[in-house]
Structures are given as C-alpha cells and as structure tokens.
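Student: I am new to this model and would like to learn how its features are read. Could you show me the sequence and structure, and then take me through a few of them?

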Amino acid sequence: MNLDFLEIVGKILDKSEKILSEYPLCNSCLGRIFAKYGLGLSNYERGLAIKTLLSIKLHIEYTRGLLNKEHAYKLAVNAGEEVASTYRKLYGENIEVNECYICRNKLTKDFIREVAEKACELLKNHDAESFLVGITLDKDIVEKELEILVKYGLESSESIKRELKREIGKAITSICGIPPDFTKPSAVLMIELNNDFKYGTKIQVNPLFYSGIYWKLGRNISHVPWYTKTGSKKYPLSIQEAVEKVFGSVFNADEVVIHAAGREDVDARMLGSGRPLIIEVKSPRKRIDLNELKNIVENSFKNTPVVLSISSSTTRGNIARIKEHSKRKRKIYRVTVYVSDGVKAEELKTLDEYFVNREITQRTPTRILRRKKDLERKRKVYMVKSAKISNNVFEALVYCDGGLYVKELVHCDNGRTTPCFAGILGKKAIPVELDVLYVEE
Ligand SMILES: [Zn+2]
C-alpha cells in the first residue's frame with residue numbers, strides 16, 4: 001500500500017477525531033472540511049466515510065484495551081449515529097447525540113430538495129431558460145464555520161455557502177431540467193438563510209433585448225407618451241405604447257422600454273430606411289423563439305401608423321452604441337416648405353447650388369429652449385435637392401449630419417440658424433411637413 005496515501009488518511013482521521021471530540025458535526029459539515037480529498041464524492045459521503053473509519057478505529061482500540069471511555073463518549077455524541085451505534089454496542093449504554101454545531105442538522109438532502117423545488121416553481125413562473133444561484137447566509141453560521149477552520153488550521157475546506165450553491169443548483173437542474181449559466185443567466189435566484197436555516201427565495205429575471213427598426217407612417221405620434229399638465233395625453237399614440245402593447249403581452253412582462261437611435265419630431269414621419277431601436281423587455285414571465293416573435297411583430301404592426309421589424313436578440317451594451325451611432329450618422333430628410341411670397345424654379349436652383357457641403361451654425365432652437373441648454377452647434381448640409389410643387393410650395397430633400405435642426409434650417413429661427421433657406425431665398429419660408437427618409441447605417 002502506498003505509504004503517502006496512508007499518511008494522508010491518518011492525518012485526516014487524526015484531525016477529524018480532534019475536531020469531533022470538541023464540536024458536533026454532521027456528515028456534510030465534516031466532509032466539507034476535507035473537500036479537496038476524494039474527487040466526485042459529496043461532502044456527505046466524505047464525512048460518512050471518515051466517521052465509518054473512526055468507528056472501526058474505536059472498535060480496534062477497544063479490543064486492544066487502548067480506548068479511553070471518556071474520549072469515546074465525546075466522539076460518539078458529537079459524530080452522530082455513525083459512531084454512537086458503535087459506542088452503544090461496546091459499552092451497552094444508551095446515549096443521545098448532539099446537533100451539528102454549524103448547521104444544526106438542517107443541511108440535509110431533504111432541505112436541498114425543498115429549496116430547489118421552490119426555486120423551480122419561481123423559474124417556471126418566469127419561463128427562465130437558465131439560472132444562477134446566489135446565497136446570503138446568516139453571519140452566525142459563517143462565523144461558526146470559520147471558528148473551526150481557524151482553530152484547527154484547516155486549509156482544504158470548501159465553504160458552506162459554496163456547498164449550498166452547488167447542491168441547490170444541481171438539484172434544480174435535476175428537478176426541472178433548467179441548466180445553470182454562470183455568465184449570462186436568464187434569472188438569478190437569491191436565497192437568504194437565517195441561522196435556523198429558515199429561508200426566503202427571490203427571483204430576479206434579467207431583461208431581454210431585441211434589435212429592430214421602426215417606421216412612423218403618420219404624424220403627431222410621439223416617441224413616448226406625452227402628458228399635459230392636466231394629465232391628459234397630448235398625442236393619442238406613441239411608439240413606446242405601440243411597442244409595449246405587443247411586447248408586454250407576448251412576454252407577459254412588467255415593463256417594456258424602447259431605446260432608439262435618436263428621435264424625430266412629433267410631427268415628422270419616419271419613412272424610408274426606418275430608425276434602429278432596441279426593445280428592452282423587463283421581468284419577462286414568458287419567452288418565445290426569435291422567429292415566432294418576428295412573425296407576431298410582423299402581423300401585429302400590419303396597417304398601423306407605427307411599423308416595427310425585429311432582426312435579432314441583443315444585449316444592453318448595444319443601447320449606448322446605437323444611441324452614439326445616431327448622433328454621428330447622416331440623415332436624409334424631406335421637407336415641404338410654404339413660401340407666402342411665391343417661389344420660382346431659378347430660386348430653388350440657387351438654393352440647391354448654395355447648400356453643398358455647407359457648414360450650418362445653429363443655436364438651440366427657440367421651440368426647445370425651455371427643455372435644453374442654449375448652445376451653439378455646427379452641422380453640415382451636404383446636399384439639397386428641391387422641386388417646385390406649386391407657386392407657394394416646394395419640397396426639398398436635405399442630406400445632412402445627424403442632429404441638424406431641419407425646421408430651423410428652413411425658417412432661420414430669427415437668425416439663430418445661419419445660413420438658412422429663408423435667408424438665401426430672401427423670403428419668409430415655413431416648413432410645413434417633415435419626414436425622415438434615411439438614417440445612415
Ligand atoms: Zn452540519
């Protein structure tokens with residue numbers, strides 16, 4: 001027999017005997033102390049093996065007349081039934097065993113199973129695809145465990161917290177078939193234990209994120225619901241509400257939030273390429289396959305003023321990316337302009353020729369000064385293509401930097417935007433309708 005092995009086993013037994021003569025420990029709590037020995041064994045099995053060897057040792061010492069009865073008694077009451085049964089046979093005395101110093105005999109398979117069953121219920125209620133277990137322990141339990149480790153200079157121990165996490169996790173997967181995920185779980189189970197092993201379980205479901213594009217085919221549709229001071233809605237429909245209505249019911253979610261790559265004015269339509277957005281579904285209780293979602297979205301947004309298309313699932317990290325992206329990316333607008341003094345084709349030609357790679361200086365528009373700081377910004381207009389519609393109306397396509405205020409580009413905002421259409425035309429010009437046709441990828 002390998003001597004090294006016998007030496008290690010001897011040391012484990014010696015140490016266990018010392019610990020058990022002072023502290024009562026159940027199989028799991030004893031086995032956990034020597035967790036690095038015996039691959040594939042549970043702490044319970046390891047603890048049981050140690051106690052079995054101790055019983056054999058007591059018997060051998062007894063038959064050789066080397067056993068101290070007082071010592072044997074201490075071991076028997078602290079090691080539980082495994083050693084107590086030997087003691088009773090050897091001395092013919094009935095003795096009662098003590099409760100485990102760390103877990104008070106609560107850390108049992110039944111306990112793990114009960115916690116896992118409750119957790120499974122919560123996971124199922126939220127249709128979770130994967131999970132992670134988090135444990136908060138009463139400090140009493142942690143301190144007792146530490147006390148033994150420090151006292152006996154033990155290094156090979158696993159913590160009770162880690163054992164609970166692992167065993168509850170394994171039990172959850174075996175009971176309801178949901179796998180753990182240590183990096184991107186769909187739900188986190190927070191289990192809090194008091195010093196009597198009474199516990200509470202909370203579930204925190206991670207939100208789902210979907211990338212898509214929306215189009216706004218009508219005007220006077222706000223981005224999010226817009227309430228007046230009296231509490232009534234200023235516009236009957238918002239993109240947020242349109243999306244929430246469908247996603248809220250598909251996912252049975254508490255809250256749905258849209259994160260768009262910029263936004264257009266309430267009275268502007270969003271046509272052409274549409275505008276990218278990310279939809280965040282908070283605390284979903286139901287999950288569906290991406291293709292199924294795409295179909296539902298396609299059907300739900302048919303013939304409605306807001307149209308949505310979903311391309312993929314995504315992560316929170318991409319929200320900042322699409323928002324930043326929209327600030328820099330160029331756009332094409334279509335603006336319909338009314339000129340009360342009338343407009344000639346030659347004047348429009350001058351307008352088109354002037355606005356080529358032209359830098360525009362804009363102070364914050366008067367219409368939003370109440371909400372935003374008065375700043376100066378510079379944006380470029382790369383190209384303008386205008387066409388006369390009637391004596392007083394023309395339409396212009398404006399290809400420009402993201403963030404340019406197009407209405408102000410037309411009417412000059414009392415000189416706060418320069419140069420501008422009205423300035424070049426030498427006439428008053430009013431933007432009547434505005435559409436976003438293209439948001440650069
Ligand atoms: Zn225990």
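Student: Which residues coordinate the zinc ion?

Tutor: Donors are N, O and S atoms within 2.8 Å of the metal (3.2 Å for Na, K and Ca), and since water is not among the atoms, sites may look incomplete. Here the zinc ion is held by the SG atoms of Cys26, Cys29, Cys100 and Cys103, at 2.2 to 2.3 Å. This is a predicted model, in which local features need pLDDT of at least 70 and side-chain atom pairs count only at pLDDT 80 or more, while totals for chains, interfaces and linings use all residues. Residues are numbered from 1 along each chain as its sequence is written, and side-chain values use heavy atoms, with hydrogens and water left out.

Student: What is the geometry of the site of the zinc ion?

Tutor: Four donors count as tetrahedral if all angles lie between 85 and 135 degrees. The angles among the four donor atoms of the zinc ion are 105 to 117°, and the site is tetrahedral.

Student: How are the donor residues spaced in sequence?

Tutor: The spacing is C-x2-C-x70-C-x2-C. Cys26 lies in the loop between helix H1 (3–22) and helix H2 (27–33), and Cys103 in the loop between H5 and H6, so the pair ties together parts that are 77 residues apart in sequence. Helices (H or I, at least four residues) and strands (E, at least two) are DSSP runs, numbered from the N terminus.

Student: Are Cys26 and Cys103 buried or exposed?

Tutor: Buried means under 20% relative accessible area, exposed over 50%, and partly exposed in between, with a 1.4 Å probe and protein chains only. Cys26 and Cys103 are both buried.

Student: Which residues does a cis peptide bond join?

Tutor: The cis bond joins Thr418 and Pro419, with omega about -15°. Pro419 belongs to the loop between strand E14 (417–418) and helix H14 (421–425).

Note on methods:
Tetrahedral: all angles 85-135°; square planar, octahedral: opposite > 155°, others 65-115°.
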